[in-house]
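Here is a friendly briefing to read with the model open beside you. Please have a look at the chains before going on.

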Amino acid sequence: MAEKVEFELVSPERLLVSEPVEMVVVPGSEGDFGALPHHAPMLTSVRPGVIDVYENGKVKNRIFVAGGFAEVTEERVTVLAEEAIPVAEIEAEAVADRIRIAGEKVEEADGDRARNEAQRLLRIAQALKAAYDERPVL
Amino acid sequence: MPSLKELRVRINSVKSTRKITAAMKMVAASKLRRAQAAAEQARPYATRMERMLGNLAGSLASQSGAPRLLTGTGKDDVHLIVVASSDRGLCGGFNGSVVRQTRAMVGELQRARKTVKLMVIGRKGREQLKREFSALFVETYENVGRKGLTFSDAYGIGEKIIQMFEAEAFDVCTIIYNRFKSVIAQEITRQQLIPFPVPEPALEAPSSDLKAIYEYEPSEEAILSDLLPRNLTVQVFRALIESFASEQGARMTAMDNATRNAGDMINSLTIRYNRSRQAQITTELTEIISGAEAL
């Protein structure tokens, strides 16, 4: 396939990925969407989940993102992620820790604001666990 | 005229000072390299976010019911100034210039009969502003990014600002920080955070066009109200990371100057030391010769 779409994944700390790929599947807040070249321009928020990068019809790379925003234009997909970890590098212990800490925060939180924030963290941690559980076993 | 011994002690003490400043310069240089790399790596996120927000804001700013982080409260009576200074001194004019700028801004605003509140990041800034403005302090932070600045450091500060804004504690928020221009030059910068200043080109473009270009999921309003607080945090993060790189740059320059000055001082002291040693020998000789002649 000749045509490719420029995929950029940026976290606040650095530019993580910038390469032409065949297709990316992004977990949008309204459902997953695949972006091929000449996709209609759109802006969407991203829920915690896994981005799949396709090359030659196969998944080449899977990256967990903890939510953010995606901007799709005809030739480019830009994902602004709050946090991004390649699925292969997720560690079971770290995931368990995050869920535990987030769970404690939900318990302790007083006030709506703090509770919402804690629940957001918990959702991220749960999505991370889901990403870890469904990773291909090598 | 100091005695020979005093001069010798003086020379030794300046020498050890020079060693310290040279070492500090090296440390600052290596920290600077890391900080600079971090600042450069953080730029893509901030610029892309600005671009997205520019697109959105341009089409929404004119409508009523736009989020208040974008439009402000409609008043400008209470100003919050966020001051980014450092925790440590010995970095030349770094903190001085932030403090001077803050003082000027507080003066301006107070003359215009506005209420001013200060949020100070960094110990040095707090110490220098405490005497005049301690009544205006609402929050101070220390040791931010002590072990390498991360996004979560900025997140806490951003959250606090948003909470205060929602509690209507202020109307306009501005951050003052040193922008990293080059290793030897820092540029003191005032940046308005709330209400978000919509970039010019976005305003000029007719909003109907922009709307036609993008599709929004879930909706423009929802994305915007998500994006704005995030952007605030990103701007705070960028300011802090720039300020941190500037601090290291300023310290490196200051320590370089100090090392050079110490070198000059050692040279002039050594000359004085040698001269007075020579003078003493000459005096002794004259005494011996005149003594011998008198016999």
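The notes below cover the interface between the chains and then a sheet in one of them.

This is a predicted model, in which local features need pLDDT of at least 70 and side-chain atom pairs count only at pLDDT 80 or more, while totals for chains, interfaces and linings use all residues. Residues are numbered from 1 along each chain as its sequence is written, chains are lettered from A and ligands numbered from 1 in the order in which they are written, and side-chain values use heavy atoms, with hydrogens and water left out.

**How the chains meet**

- On the chain A side 28 residues are in contact with 29 residues of chain B, contact being heavy atoms within 4.5 Å.
- Chain A and chain B bury about 2,600 Å² between them, and 59% of it lies on carbon and sulfur atoms; buried area is the accessible area (1.4 Å probe) that two parts lose on being put together, summed over both.
- Leu43(A), Phe69(A) and Arg113(A) supply 27% of the area that chain A buries against chain B, more than any other three residues.

- Two salt bridges are found across the interface of chain A and chain B, each a side-chain nitrogen of Lys or Arg within 4 Å of a carboxyl oxygen of Asp or Glu.
- Glu8(A) forms a salt bridge with Arg48(B), with the closest N and O atoms 2.6 Å apart.
- Strands S1 (5-10), S5 (42-55), S6 (58-72) and S7 (76-81) and helix H2 (112-133) of chain A each supply at least two residues of the side that touches chain B; helices (H or I, at least four residues) and strands (E, at least two) are DSSP runs, numbered from the N terminus.

- S5(A) is joined by three bridges to strand S6 (residues 215-217) of chain B, and the two run parallel; strands pair if DSSP finds at least two bridges between them.
- Met42(A) stands opposite Glu215(B) in S6(B).

**The sheet in chain B**

- Five strands of chain B form an open sheet in the order S3-S2-S1-S4-S5, with mixed pairing.
- Strand S3 (137-141) and strand S5 (186-194) of chain B stand at the edges with a single partner strand each, so one side of each is left without a neighbour in the sheet.
- Strand S2 (residues 115-121) of chain B pairs with S3(B) in the parallel sense over four bridges, and Ile121(B) has Tyr141(B) in S3(B) as its bridge partner.
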